[in-house]
Amino acid sequence: MSTIEENIRILSDRVKTQATSLLTEEAAKTAIILPFLRALGYDVFNPEEVIPEFTADVVGKKGEKVDYAIKFDGDIRILIECKPITTKLEKNHLAQLYRYFSVTTAKFAILTNGKIFHFHTDLEEPNKLDTKPFLTFDISDLQNSAISELKKFEKTNFNIENILATAERLKYTSGIKSAINQLLETPSEDFVRIVCSGVYEGRLTAAVKEMLTSVTKSAFQEVIKDNVQNRLSTALAATEQPTSNETQQVAIIEDDIVTTDEEVEGYMLIKSIVRDIIRPNRVFMRDAKSYCAVLVDDNNRKPLARMHFNRTIKYIGLFDGETEERIAIESLDHIFDYSDRLRETAQKYAV
């Protein structure tokens, strides 16, 4: 795992476990924003690079400040405005960034409450900050795609053209995903009418609309579930069929240890994810009372993953760092979200 990813995930865990201690803006700045900038390689102790309480000449707004500004080669390039973690970030919170963006050489603006991060630029009109972000993520639930984009903002990698090359696509992708999620949770009347037009031909009374809205929401969720399940089935089917010797890769169950179907399925899923790096016959499962281990060469010194499934909240244990990192998962399908990290661990044992 790269240094930036390690440090960002440390911050992710901090937000998960210490959110109640980050209720003020100053707490969010100290505990999250400054370490976040350090993770990206910036010297937060150098006021020529990271400028706190940045001020500029803004018409009609003398003395107004932005929380931080980042300089490159003497020019302001990134502006940052922080709000308390309890703040729901809205368009009106962009006011200061909007004004400062137009009177400085800044090319990017970050609005955050320490948990949610919105990255803005000027895709729609030069030197005028877009109201919609091109990148949004929740640092407490960080996906690999967001980390890939954050790497472009590292001090050593920072290049305006490279970031802008994908910013427009990211902006619309983010907007569409948000709209789909909204429809998934609360299908609009127009959407219900469209998807049900060829299914229900009667009059849409209030009672019928309520029924169809509920059915549409359920159907939408089932389509997603089915697609994920098909992906899982395809991955498992691609795994080599076990030989008589390979069936021994599932450890013998002791009297007081029960290997569940979920653990076996999780093992097969992890095995399929890393199969192009490590031969499937090198991947073993060894069950224990507190967790179920997935090992390379049936060697405790070569842990690939651990499944902590014998509890209310399920966890997957990853080993791409120096120690095990436990991550809560809602279902086995979420193991796919950590494919890159599992493959990175497998690479250590590939020789």
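Predicted model: local features only at pLDDT ≥ 70, side-chain atom pairs only at ≥ 80, totals over all residues.
**View 1. Leu-79 faces Ala-109 of strand S4.** Residues are numbered from 1 along each chain as its sequence is written, and side-chain values use heavy atoms, with hydrogens and water left out. Strand S3 (residues 75-82) and strand S4 (residues 108-112) pair in the parallel sense, over five bridges. Two strands count as paired if DSSP finds at least two bridges between them. Strands (E, at least two residues) and helices (H or I, at least four) are DSSP runs, numbered from the N terminus.

**View 2. Six strands make an open sheet with mixed pairing.** Follow the order S1-S2-S3-S4-S5-S6. At the edges you will find strand S1 (50-55) and strand S6 (135-138), each pairing on one side only. Helix H3 (residues 95-103) lies across S1, strand S2 (65-72), S3 and S4, at about 170° to S3. Such angles run from 0 to 180 degrees between N-to-C directions, and the axes are lines fitted to C-alpha atoms, for helices over the stretch in contact; contact means heavy atoms within 4.5 Å.

**View 3. Phe-54 and Tyr-100 form an edge-to-face pair.** Their ring centres are 6.0 Å apart and their planes meet at 70°. Rings of Phe, Tyr and Trp (its six-membered ring) pair if their centres lie within 6.5 Å; planes under 30 degrees apart count as stacked, over 60 as edge-to-face and the rest as tilted. Because Phe-54 lies in strand S1 and Tyr-100 in helix H3, the pair ties together parts that are 46 residues apart in sequence.

View 4. Phe-119 and Phe-153 are both buried. Ring pairs link them into a cluster whose members include Phe-36, Tyr-42 and Phe-158.

**View 5. Five strands build an open, antiparallel sheet.** Its order is S7-S8-S9-S10-S11. Four bridges join strand S8 (residues 292-296) to strand S9 (residues 303-308), and Leu-295 stands opposite Pro-303 in S9.

Definitions and conventions. Buried < 20%, exposed > 50% of the residue type's maximum accessible area, 1.4 Å probe, protein only.
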